[in-house]
Amino acid sequence: RECDAFGPWIDPVRTEVEMPRRFRDWYPELSQAQTLLKIPRDFDRAQVRPGDDLYQSIVALFEDRICLLRAETPGGGEVERREVRFRDVVGVQSQVNLLQATWTLLLVDGSRIAVPHSSTSHDVIDKVTAQVRAQIAGAERPLPTAEPLHPTDHLFKNRVVQWQRTLGAAVPLLVDPRNVPCRSSGRGWLRLSTGAMILFTPGELVIVNRGEATRPVFMPNYAVGTVELPYDRLTSFSARPPARWSSFYELVLRADAQEYVQPCLSTPDAVVDQLRRIGIGELAD
């Protein structure tokens, strides 16, 4: 029955029978979770057989914590368990590239927990992200008074509308265009920008990008990334000028030991001004 039902989808676990056998010993404990999900391995549906070890991870969300079980090697090896209190989560990152996707928790100690999955279940992951957001959100801060930008890029325009519907307000203060000739750090080879957007909602700073900030001239890019950082978890930021051979500023956002760096093709002055305005400390690099 498990083999017949297997696919790339992230499914809920509601009974002990639905718990993958590799993780079944944990069911009595994890069955108390508000949300319990099983994440399949990257197997071709046509190649699986009854008895195969089909599920790689279990994600359990409780009121105050999240528990992750991961069995890296099919059919054998140890099951890695990681339990994280929501007070130690400082942000959530989602990355999608065609059918490959990764959901990542950014933690206060500087580490990250990544959960690979198929992008066919992005709607399930979006609901998990909303549950995490509800647990880590802090007090709302004033929205920017600067004139908001109006992105023409289809992806960015839709994301602004999405956040406005979800959180009531979303003000973009930086929009980098895509396909602009530029140079990244390193040897400074000519590349093309992929585009990025930074916007402010009442409770968090949101970054939308296309993965890497640049791509080779003749190579397409299909990645889409989203990073959500609650203001109450941010402890400091800094803005670095472009390094030698690079066209990009770097906006560095810190939450204790965690550091997220977003390259910016445009000058991030409006973003910096808003971070100062809402009380995030600035560090000089």
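Glu72 is partly exposed, at a relative accessible area of 49%; buried means under 20%, exposed over 50%, and partly exposed in between (1.4 Å probe, protein chains only). Glu72 forms a salt bridge with Arg70, and the closest N and O atoms are 2.8 Å apart. A salt bridge here is a side-chain nitrogen of Lys or Arg within 4 Å of a carboxyl oxygen of Asp or Glu.

The model is predicted: local features need pLDDT of at least 70 and side-chain atom pairs count only at pLDDT 80 or more, while totals for chains, interfaces and linings use all residues. Residues are numbered from 1 along each chain as its sequence is written, and side-chain values use heavy atoms, with hydrogens and water left out.

The structure holds 15 salt bridges. In one of them, Glu29 pairs with Arg81, with the closest N and O atoms 2.6 Å apart. This pair links distant parts of the chain, since Glu29 is in helix α2 (residues 27–30) and Arg81 in strand β5, 52 residues apart. Helices (H or I, at least four residues) and strands (E, at least two) are DSSP runs, numbered from the N terminus. Glu29 is partly exposed at 32% relative accessibility, and Arg81 is partly exposed at 34%. Both residues belong to a network of salt bridges that links Glu29, Asp64, Arg65, Arg81, Glu83 and Arg85.

Strand β5 also has a place in a sheet. Five strands form an open antiparallel sheet in the order β1-β2-β3-β4-β5. β1 (11–12) and β5 (80–85) stand at its edges with a single partner strand each, so one side of each has no neighbour in the sheet. Two strands count as paired if DSSP finds at least two bridges between them. Strand β4 (residues 65–70) pairs with β5 in the antiparallel sense over six bridges, and Arg65 stands opposite Arg85 in β5.

Thr104 has Ala114 in β8 as its bridge partner. The two strands, β7 and β8, form a hairpin with four residues between them, and Gly110 in the turn has a positive phi of about 95°.

A positive phi also occurs in residues other than glycine. Trp245 has one of about 75° and lies in the loop between β16 (236–240) and β17 (249–255); Trp245 is partly exposed, with a relative accessible area of 47%. Asp256, with a phi near 55°, is in the loop between β17 and β18 (258–264) and is exposed at 53%. Arg240 lies in β16 and Glu250 in β17, so the pair ties together parts that are 10 residues apart in sequence.

What surrounds the side chain of Arg233? Arg233, in the loop between β15 and β16, is buried yet has no salt bridge, and the nearest side chain of opposite charge, Asp232, is 6.6 Å away. A polar atom of the Arg233 side chain lies 3.2 Å from the backbone oxygen of Phe86, and the side chain of Arg233 reaches the backbone oxygen of Ile136 at 3.5 Å.

Methods
Lys and Arg count as positive and Asp and Glu as negative; His and the chain ends are not counted. A polar contact is a pair of N or O atoms within 3.5 Å; within protein, one must be able to donate a hydrogen and the other to accept it, and residues adjacent in sequence count only if both atoms are side-chain atoms.
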